[in-house]
Amino acid sequence: MSLTASLQDRLPVVPALEALLLGASSRRPLGTNVFDREWDLLIVLDTCRYDALCRLATEYAFVDEVDSLYSLGSSTREWAANTFTQQYREPIAETAVVCSNAQVTRTLEAGHAMESPLAQRVTAWDTVDPDAFHAFDSVSDYAPMDPFGGTTIPEIATDRAIRAGREHDAERMIVHYLPPHSPFRADALRENRSLEDYEYRPFDYLRDGGDHDLVWELYLEEIRWALDSVEVLLDNVDAERAVVTADHGELFGHLGLYSHPTGVPHPRLRRVPWLELSATDSGSYEPRYEKPDRKRAPKETAKQLEYLGYR
């Protein structure tokens with residue numbers, strides 16, 4: 001059962017509440033637009049919480065003082081619809097994007113946060129389309145899915161980002177990694193085994209009374225997986241001002257909420273890391289992944305989104 005469906009079972013007013021929240025968000029978004037900050041390279045870790053990145057700071061030499069900001073959305077689609085707007089069309093035109101989350105691409109193509117028909121009646125998005133960017137590489141549209149039928153692994157996004165950094169003359173670049181978004185795959189891929197139920201649908205597992213500490217540790221392992229790729233990226237692109245951040249956070253049962261429902265101004269969803277760094281291309285790594293000629297069929301993308309819990 002999806003998050004939205006489970007909430008609707010308990011709260012019949014959810015569609016109306018979502019419409020109200022997104023109507024307000026689309027008109028007067030709360031939070032900081034990343035284009036109001038100074039950066040050359042923006043690294044987005046999908047669903048990465050501020051406190052989680054702080055927890056791992058001692059494990060990575062490049063993770064030092066982690067600051068934070070308030071995100072413009074509690075889900076990828078709300079964040080994308082509020083971030084990439086006509087108001088910022090000029091810096092957007094100077095930005096190359098390498099994106100692993102199909103929700104970003106679909107949001108830009110739709111021109112709204114892909115909300116319910118009821119919410120669409122009251123929202124007023126001003127979102128640009130993918131052609132507004134200097135370059136927009138929707139990695140999720142063609143990269144091979146992992147053995148579970150799911151999503152792009154971070155190593156492929158890193159390969160594409162290094163190549164983009166060396167080949168494009170964009171003023172800035174955004175690299176959007178999918179981990180630590182569920183399902184939690186790092187351990188299963190490393191051990192060459194199938195996903196356990198608590199890895200495949202961790203928030204359903206928690207709703208049924210599962211072990212919170214187990215799921216939290218799996219989540220941290222997904223962040224480590226992403227950070228390992230970020231470390232390679234930082235050593236193979238040039239960026240005087242690089243930043244690691246997130247589109248939104250994640251809920252593990254606080255106030256009875258799980259995952260990252262759209263339109264929810266919960267601080268644990270909306271407070272995201274802002275880690276300022278620098279990057280220098282040492283030439284130590286040569287990208288191996290080559291983009292195929294064929295894009296993924298729509299039904300394959302639909303399967304990918306279902307795998308991520310978007311039904």
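Predicted model: local features only at pLDDT ≥ 70, side-chain atom pairs only at ≥ 80, totals over all residues.
Where does Thr47 lie? Thr47 sits in the loop between strand 1 (41-45) and helix 3 (50-55), where helices (H or I, at least four residues) and strands (E, at least two) are DSSP runs numbered from the N terminus. Residues are numbered from 1 along each chain as its sequence is written, and side-chain values use heavy atoms, with hydrogens and water left out.

Back to the backbone. Most residues other than glycine have a negative phi, and most peptide bonds are trans. Thr47 has a positive phi, near 70°, and is not a glycine. With 0% relative accessibility, Thr47 counts as buried; the cut-offs are under 20% relative accessible area for buried, over 50% for exposed and in between for partly exposed (1.4 Å probe, protein chains only). Ser259 also has a positive phi, near 65°. Ser259 belongs to strand 8 (residues 258-259) and is buried, at a relative accessible area of 12%.

Then there are the cis peptide bonds. One runs from Pro179 to Pro180, with omega near 15°, and Pro180 is found in the loop between strand 5 (172-177) and helix 9 (186-191). Another runs from Ser182 to Pro183, with omega near 0°. Pro183, too, is placed in the loop between strand 5 and helix 9.

Next come the aromatic residues. A pair of aromatic rings is described by the distance of the centres and the angle of the planes. Rings of Phe, Tyr and Trp (its six-membered ring) pair if their centres lie within 6.5 Å, and planes under 30 degrees apart count as stacked, over 60 as edge-to-face and the rest as tilted. Searching the whole structure turns up 15 aromatic pairs. In one of them, Trp216 and Phe252 have ring centres 5.2 Å apart and planes at 75°, so the pair is edge-to-face. This pair ties together distant parts of the chain, with Trp216 in helix 12 (residues 212-234) and Phe252 in strand 7 (residues 251-252), 36 residues apart. Both Trp216 and Phe252 are buried. Phe252 also pairs with Tyr219: the ring centres are 5.0 Å apart and the planes at 65°, so this pair is edge-to-face. Here, too, distant parts of the chain are linked, Tyr219 in helix 12 and Phe252 in strand 7 being 33 residues apart. Tyr219 is buried at a relative accessible area of 0%, and Phe252 is buried at 8%. Elsewhere, one aromatic cluster takes in Phe35, Trp39, Trp79, Phe84, Tyr88, Phe133 and Phe136.

Helix 12 also holds Leu227, which is buried at a relative accessible area of 1%. Leu227 and Leu56 are 171 residues apart in sequence, yet their C-alpha atoms are 9.7 Å apart in space.

On to the charges. Side chains of opposite charge can pair when their charged atoms come close. Taking a salt bridge as a side-chain nitrogen of Lys or Arg within 4 Å of a carboxyl oxygen of Asp or Glu, the count comes to 20 salt bridges. Arg172 and Glu94 meet in one of these, at 3.4 Å from N to O. That pair links distant parts of the chain, Arg172 in strand 5 and Glu94 in the loop between helix 5 (89-93) and strand 3 (95-99), 78 residues apart. Arg172 counts as buried at 18% relative accessibility, while Glu94 is partly exposed at 31%. Arg166 forms a salt bridge with Glu286, and their closest N and O atoms are 3.5 Å apart. This pair also connects distant parts of the chain: Arg166 is in helix 8 (residues 154-167) and Glu286 in the loop between strand 9 and helix 14 (298-307), 120 residues apart. Arg166 is partly exposed at 31%, whereas Glu286 is exposed at 55%. The side chains of Glu191 and Arg193 come together in a salt bridge as well, at 2.5 Å from N to O. Shared partners join Arg55, Glu59, Asp187, Arg190, Glu221 and Arg224 into one salt-bridge network.
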